[in-house]
Amino acid sequence: MTGAAGEPAVREHTRPVAGETAAAGSGTAAPGSATAAAGPGTALGAELPSEVTEFVPLAVTLDGAGGACVAGVTAEGRWLRPEPVTAAQVAGPDPVYAVHHPVRLPLGPATGDGARPEDRAAAGAPRRAGPPAEPARRAALLAAVADPDVATAFAGGRSAGLVAVRPLGYRHQRSTGGRTFLRLEFTDNTGERFDWIVRDVRLLDAGPGEIALPAGPEAPLLYAAVGLTHPNHRFPGRFRGCHPLVVGLHPADGSPLLPNETSLEGTAGAPGTA
């Protein structure tokens, strides 16, 4: 892939995850065919190729208007973003999409205008594909797929990635429209400082003063899943007219982010093991 002017070259993001056995193809459980939404140049109702694909979500988000998004990686380290995703699939007592819980669903090529390299059309319902891995294997996954810095994560037209960061502080800030957003100030491995909105669904209901996560120059490193919105042309320049966001936060040792994240306790086995 060719990056935009001024961006560093980037490799194809399909690195094998240490200790994982890749399925045939790229995270493919079984080939299949399903009808995807028609896009420009596609006849209405025409069947597009799809394949049942397994991946581990590293970003599960929900905004105040109910907009949901999921992104994750296959066993080979390939980033995928299935679309559409509903609020009911990411929130509630037992959502099908949850961080580190492998899922399997038929995915086809994205058909809309402005599709990013990670975008895929969901051609069927997602299903859980087994329990999450134990913390040591989660830590190995994070280390294996992480990019060296923010610029590399978004190079080559990409819009999702994972970066090791130093969290400097969390705060709630009211926007000009009256909505309140959680923000994280952090640095990446280059020392560059960023201050971005956090959309991790696990932190959605945290109010001002309720974020008890370590922050500061001596705080442990985190892995931050970072993502770009679709272009809205209000943010020209570095990120191609897109708004950058923190879309998932992960302790580097693979432990749960929050004390009440009981779905990640006592797990064992490899991601995607039914």
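Q: How much space lies in the largest pocket, and which residues are closest to its centre?
A: Rolling a probe the size of a water molecule over the atoms shows where empty space is left. In this predicted model, the largest pocket holds about 520 Å³ of space. It is lined by 23 residues, and Gly92, Pro95, Ala98, Arg202 and Ser263 are the closest to its centre. The lining comprises 13 nonpolar, five polar and five charged residues.

Q: What is the volume of the second largest pocket, and which residues lie nearest its centre?
A: The volume of the second largest pocket is about 380 Å³. Its lining counts 24 residues, with Thr61, Cys69, Leu228, Thr229 and Leu245 nearest the centre. Among the elements that give two or more residues to this lining are strand E2 (48-62), strand E8 (160-174) and strand E12 (244-251).

Q: How many aromatic pairs does the structure hold, and how are the rings of Phe194 and Trp196 arranged?
A: A pair of aromatic rings is described by the distance of the centres and the angle of the planes. The structure holds six aromatic pairs. In one of them, the ring centres of Phe194 and Trp196 are 5.2 Å apart and the planes stand at 65°, so the pair is edge-to-face.

Q: Why is the pair of Trp196 and Phe239 edge-to-face, and where in the chain do the two residues lie?
A: Their planes stand at 85°, over the 60 degrees required, so the pair counts as edge-to-face. Trp196 belongs to strand E10 (residues 193-197), whereas Phe239 lies in the loop between E11 and E12, 43 residues apart.

Q: Is Phe239 buried or exposed?
A: Phe239 is buried, because its relative accessibility is 12% and the cut-off is under 20%.

Conventions:
Residues are numbered from 1 along each chain as its sequence is written. This is a predicted model: local features need pLDDT of at least 70, side-chain atom pairs count only at pLDDT 80 or more; totals for chains, interfaces and linings use all residues. Side-chain values use heavy atoms; hydrogens and water are left out. On a 1 Å grid over the protein atoms alone, a cavity is a set of points where a 1.4 Å probe fits but cannot get out, and a pocket is an open set with protein on both sides within 12 Å along at least five of seven lines; lining residues have an atom within 4 Å of a point. Grid points are joined across faces, edges and corners, and a volume is the space filled by probe spheres set on the points. Ala, Val, Leu, Ile, Met, Phe, Trp, Tyr, Cys and Pro count as nonpolar, Asp, Glu, Lys and Arg as charged, and the others, Gly among them, as polar. Helices (H or I, at least four residues) and strands (E, at least two) are DSSP runs, numbered from the N terminus. Rings of Phe, Tyr and Trp (its six-membered ring) pair if their centres lie within 6.5 Å; planes under 30 degrees apart count as stacked, over 60 as edge-to-face and the rest as tilted. Buried means under 20% relative accessible area, exposed over 50%, partly exposed in between (1.4 Å probe, protein chains only).
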